[in-house]
Amino acid sequence: MSRYTAITPADLDAMLAVIGVGSVQEIFDRQIPQAVRLGRELDLPHGLGEQDVYEHLRALAERNTSTEDELSFLGAGMYDHYVPALIDMLTERSEFLTPYTPYQPEISQGGLQVMFEYQTAISELTGLPVSNASAYEGPSALAAAGYLAKLHNGGGRFVASAGLHPHALQTLRTNAHGYGMDVVEVGLTGGITDPEEWAAAIDGDTSAAFFAQPNFYGAVEDAAALSAAAKGAAGDGAKPPVVVAQVDPISLGVLRSPGECGVDVAVGEGQPLGNRLDFGGPSFGLFAAREEYLRRMPGRIAGETVDVDGRRGFVLTLQTREQHIRREKATSNICTAQALNALAGVVYLAWLGRRGFVELGELLLARTHYARETLALLTGVEPLHDRPVIREFAVRLDVDVAAVKRRCASEGVNPGVDLHALSGREADRGGLLVAITERRTRADIDRLAAVLALAMAAERDSAATEAVTV
Amino acid sequence: MSTTPLQRDRATTIFQKGAPGRRAFVCPAPEVPEVDPETLLPAGFRRAQEPRLPELSEPEIVRHYVGLSKRNFDLDSGFYPLGSCTMKHNPRLHERTAALPGHARLHPLQDPERAQGALELMWNLQGALAEISGLPNVSLQPSAGSHGELAGVLLTRAYHEDRGETRHKVLTPDTAHGTNPATVTMAGLDVIKVATNQDGGVDVEDLRAKADGDVACLMLTNPNTLGLFDPNIAEIAEIVHAVGATLYYDGANLNAVMGLSRPGDMGFDIVHFNLHKSFTQPHGGGGPGSGPIAVSERVAPFLPVPVVVRLKDGAFDLDHERPKSIGRLRGFHGNYGCFVRAYAYICSLGADGLRDASETAVLNANYLLARLKQRGVAEYLPLAYGELCMHEFVLSGGPMKQALQIKTLDLAKRLLDFGFHPPTVYFPLLVEEALMVEPTETETKETLDSFAEAIAAILSEAAEDPEIARGAPYTTPVRRLDEVAAAKRPVIRQAL
Ligand SMILES: Cc1ncc(COP(=O)(O)O)c(C=O)c1O
């Protein structure tokens, strides 16, 4: 008996008698051939008491530098937003935390209604009429949009902007290789997707065209122009590509929505909406589309209906898309998704509210602009592009980014993401991606500038000294 | 009858509540010099109409969602014998440890030197999963079981391609979970079904006939979705390996064999774990989950990037330089929050505790099965295959439908009135009116007894009057819902 099981010796005797066997071993002996029995204890440590497990996990946690421990400007897909206390309270409630996927709708109305509300919120944000109940996370949602496009128009290739998050591009490639698609990458000019290269890359055999808004380098793309160009580039008679935008949901309080920009499918990383960082997951992926893609959507969708007494209720619907019904012809293999994280997302949006959501977007715009201007004044710091930015921007340093980051770290500041380390692109050498959230005040930004300036100067000095000694 | 009646108020969504001007969030002041909005973001990019989100105060939001929570049944409230889903207790300790700021507020792009605790945790978890599965190389990246399956089939493809072979077929038994065939198609391969023999295992002759040089992989669940351990597993592995194919283990049923039998020792090359089943990650009403994979040496070069490695000096790092890797399956490193919980669980139980968990899960299942073999039940709900079971078992409601004029669905709905979550119904597909029961190790004998009594009571009630079950449930927030109408004219968002 462990602390999570409850079969006493007396229970055991009674149970074995009812089963009609002499021992638990006999149950296994009669079913598992000896040749594949382990025949020894697993080579793992002994079990620990609750308190000891807690201490061990606390000790591990203390060896991580979290956003509580330093002034962090890390972003690139996940952001240190303030998560309101009511989200902790609601996501910890047993009734939301511990049920399975709502296979029995009569006793799952709470969860199903949350999905319905979530779908409504995502649909409002994206300006697209249909949303699923969640995908795993951002990059895999993008790959799922690729699969939708493949099913929808059967072309043999994808065109993808280099402005996508590198993880999204890599995930798309991994998946596309599976379902037999080539991925053609379109480069950036002046910080945004090169419009000519974009249009030239798209042809009648293009299933989908992908871009990010704002893009990986923080720049606002001309989404409407990219959508229109993609649709026009396919040529006469050819099925136009499905235009897929990877969006940052936080930006949608101020930016034109994907729907308004002619986008067919919007996907994105949901973490900024009320989910904690958790070293990268779990969060959720948002997935919204135009009506015509409804029956090719991946994942669960909650729908409204009535019960036998005419009472309003919700069910999982359009299930003939899904793996448990359609099996090898399913529009996706997804089963368990991210319901609890999507709950955090919709609660967060309700908490921000109609006005708050816009105000937060405006706040990020103002502070991010200020941060970019402030850093641009430093010696050796050059903005990577001059496009509008929402919540994140890229600069180039004239010294080694990793070394500068180490120097800043000793001052308790994490100045941002080393672009080259993340993207692997030669052109990103020296690049630093700086993210701002409402948790980063003006004073924090000023401190970043001061610490960065000193770190860069020190790095320049030591590089010079090294050069002399060599 | 229900222990805690769920709330029955009329459903009103959050979008139908509140009033203009109400708010819960107070936006911090920008503090920075004011700049012309056109400079910040030119009008052409700006949104004309803001999203019509609701406007409510914090207390209203809390009441709304707490109210919704009361319209959910959950594992902490009652028995949840949902077959294939392993609804075992979710220790609260795990929530506490996962919420520690050092875990919960750690940015995924933190420099590895300053995320050593997280990487060590991942390293330790990888090691434990390798030992439990008998397969030495682990990637924690996949987000759930079916994502692990996708990883596995893509790995198989890469493995064959690396040897200069293009293979097209993946074999799956007809008892397989729907994610198996769906995954195969997504990975660009073709599904070939293998028959089930009269004992509920793989039909070895059918397998032999279908195993040829074009087969890339056989995907199996063992114990399978009938709750039966395939006694021919060694022979099956031999047949599959003889044609150069890989053997994939769907780990949804791992809870039957932890510390007792290992997929790697059975001959499997690739296994996925469902941390949200066997390892207590709470299911969250439909996720999050986590679906790590463990693989044999020959498949290891193709694992997704990055991989957690230990350097010579003992420090941990993320290795992105793996030239043969299939690439990434998602952003960052996987669902770390789930790793914390699974790791806490493994630390709590240890080797003996994990074995005990599986033994008790199998004991509980067999006890419940034996209780349901009693007169008054077994005539209507016979065990579909076998005599004993592993951690779950599948009954057939066929005779019940014949004799009592109620279907498995009716029985399931009536169970709701008795305060139980019903078993999985209508899966696996090859069992008529299937009822798949998985009690798990964390239930007491008393709970199992009361469930068996409820089944017996419903059947004898149906013998008197089948209409009762056919009209059930009666005590739930809503009664039977019109799913056909929902699918025919889909309403999937609140009209505003
Ligand atoms: C046998 C089996 N295989 C695969 C899966 C898919 O796992 P997940 O829901 O984590 O994707 C399940 C889950 O329901 C299952 O029961």
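Select His276(B) and the ligand. A polar side-chain atom of His276(B) sits 2.6 Å from an oxygen atom of the ligand. That is a polar contact, meaning a pair of N or O atoms within 3.5 Å; within protein, one must be able to donate a hydrogen and the other to accept it, and residues adjacent in sequence count only if both atoms are side-chain atoms. The model is predicted: local features need pLDDT of at least 70, side-chain atom pairs count only at pLDDT 80 or more, and totals for chains, interfaces and linings use all residues. Side-chain values use heavy atoms, without hydrogens and water, residues are numbered from 1 along each chain as its sequence is written, and chains are lettered from A and ligands numbered from 1 in the order in which they are written.

**Around the ligand**

A side-chain N or O atom of Ser84(B) is 2.4 Å from an oxygen atom of the ligand. Next, pick Asn274(B). Its side chain has an N or O atom 3.2 Å from a ligand oxygen. Taken alone, the ligand exposes 390 Å², and the protein buries 99% of that. These areas come from the Shrake-Rupley method with a 1.4 Å probe; for residues, only the protein chains shown count as cover.

Now show the whole shell. There are 15 residues around the ligand, and Thr336(A), Ser84(B), Asp250(B), His276(B) and Lys277(B) come nearest. A residue counts as near if one of its heavy atoms lies within 4 Å. Why is the site shared between chains? Because residues from both chain A and chain B surround the ligand.

Color the shell by class. It has four nonpolar, eight polar and three charged residues. Ala, Val, Leu, Ile, Met, Phe, Trp, Tyr, Cys and Pro count as nonpolar, Asp, Glu, Lys and Arg as charged, and the others, Gly among them, as polar. Then select helix α6 (residues 145-162) of chain B, which gives the largest share of the shell, three residues. Helices (H or I, at least four residues) and strands (E, at least two) are DSSP runs, numbered from the N terminus.

**Between the chains**

Zoom out to both chains. The contact (heavy atoms within 4.5 Å) takes 207 residues from chain B and 191 residues from chain A. The two chains bury about 17,500 Å² between them, 61% of it on carbon and sulfur atoms. Buried area is the accessible area (1.4 Å probe) that two parts lose on being put together, summed over both. Select Arg47(B), Met186(B) and Ile492(B): in chain B they lose the most area to chain A, together 5% of what that side buries.

Look for charge pairs next. Chain B and chain A share 15 salt bridges. Each is a side-chain nitrogen of Lys or Arg within 4 Å of a carboxyl oxygen of Asp or Glu. Pick Asp309(A) and Arg479(B), whose side chains form one at 3.1 Å, N to O. Select helix α11 (residues 336-372) of chain B: it supplies 28 residues, the largest share of the side of chain B that touches chain A.

Another bridge joins Glu68(A) and Arg105(B), at 2.9 Å, N to O. Glu68(A) is in the loop between α3 (50-62) and β1 (71-72) of chain A, and Arg105(B) is in the loop between α4 (101-104) and α5 (116-133) of chain B.

**Backbone stops**

Most residues other than glycine have a negative phi, and most peptide bonds are trans. Select Gln213(A) and Pro214(A). A cis peptide bond joins them, with omega about -15 degrees. Finish at Ser134(A). Its phi is positive, about 145 degrees, although it is not a glycine.
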